[in-house]
Amino acid sequence: RLDPVSPAGNPVVTQESWNGEGMPLVEQIDAVRRSIGLATEASGSNNWAVSGARSATGSALIAGDPHLPQSMPGIWYEIELRQDGRFVRGASMPGMPGVYMGQNNDVCWTFTNVMADVQDLFVERIEGDRYLFENEWRPLQTVREEIVVKGREEPVVLDVRRTHHGPIVNEALGADRGEPLALAWQTLSEPTAFAGMFEMLEIDSGPELVAKLEGHTSPASNLIWADRHGSIGYKLIGRLPRRRGGSPDLPKPGWSGEFEWEGPVPYEELP
């Protein structure tokens, strides 16, 4: 019941607790994985900076490693822009304008994923083409998505039903026979492109970079920066929802109004 993707009738696997030394067990598991071609994949990300006060040259040092795997198409591609003695260069993402992370004449910046909890599932009470919210029946929205697929004459058509919480996702989760589940996701509520992405050419300090990135919405990211003045800094950027009624991990009743989102956490309150 807690994992809708788990097939009905799946066997439940239990295991005795391990009482021996940890490292021999890890080494044995690693040897088995490597012997069958399942070497441990890198997980997590890291970024760090050292201020000029602690470096041999007096300049700040910075490094970033998002730990994202190779793919086709690639997650990143390199771009550069030069104008009137200024430059900005680094990595961008397909479909996103501007430089996502990189450097200009004065500032360098890099990201890792915050792994923020920006999704909730709401159990909805639906009758026909309407749903219940705070003792009031509201009309369900239906959005028709036409997805063009190479090699097909006709597009794939999806009729997406949604409440004010978000789209009904039972089919995507493989939970067709369960109660209707609506996905509230911060990324669906605001565009991911923002004006500051076009202004990275001109910024000349870390604090100015932090101010420009206030418009960043998703994904919530750990920003590390270093500038030519020897300064370094950290800022969490992106939209995190403020929840009414706390944040349990289980799906919430969508009809009660007790667990509604009340806008994002203000930018100045993010660490």
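Visitor: In which loop is the place of Leu240?

Guide: Happy to show you, and keep in mind that this is a predicted model. Look for two strands here, S15 (232–237) and S16 (241–243). Leu240 sits in the loop between strand S15 and strand S16.

Visitor: Is Leu240 buried or exposed?

Guide: Let's reason from the number: the relative accessible area of Leu240 is 16%. Buried means under 20%, so with its 16% Leu240 counts as buried.

Visitor: How far apart in space are Leu240 and Thr217, C-alpha to C-alpha?

Guide: Along the sequence, 23 residues separate Leu240 and Thr217. In space, their C-alpha to C-alpha distance is 8.6 Å.

Visitor: Which backbone oxygen does the side chain of His216 reach?

Guide: First find His216 in the loop between helix H4 (206–212) and strand S14 (221–227). His216 is buried, at 2% relative accessibility. At 2.7 Å, its side chain reaches the backbone oxygen of Pro219.

Visitor: How many cavities of 30 Å³ or more does a search of the whole structure find?

Guide: Rolling a probe the size of a water molecule over the atoms shows where empty space is left. The largest cavity holds about 50 Å³ of space. For cavities of 30 Å³ or more, the search of the whole structure gives a count of one.

Visitor: How many residues in the lining of the largest cavity are polar?

Guide: The lining includes Val99, Phe111, Met197 and His216. Seven of the lining residues are nonpolar and none is charged. The number of polar residues is one.

Technical notes:
Residues numbered from 1 in each chain as written. Predicted model: local features only at pLDDT ≥ 70, side-chain atom pairs only at ≥ 80, totals over all residues. Heavy atoms only, no water. Helix = DSSP H or I, 4+ residues; strand = E, 2+ residues; numbered from the N terminus. Buried < 20%, exposed > 50% of the residue type's maximum accessible area, 1.4 Å probe, protein only. Polar contact = N/O pair within 3.5 Å; in protein donor to acceptor, adjacent residues only side chain to side chain. 1 Å grid on protein atoms, 1.4 Å probe; cavity = no way out; pocket = protein on both sides within 12 Å on 5 of 7 lines; lining within 4 Å. Points joined across faces, edges and corners; volume = space filled by probe spheres on them. Nonpolar A, V, L, I, M, F, W, Y, C, P; charged D, E, K, R; others polar.
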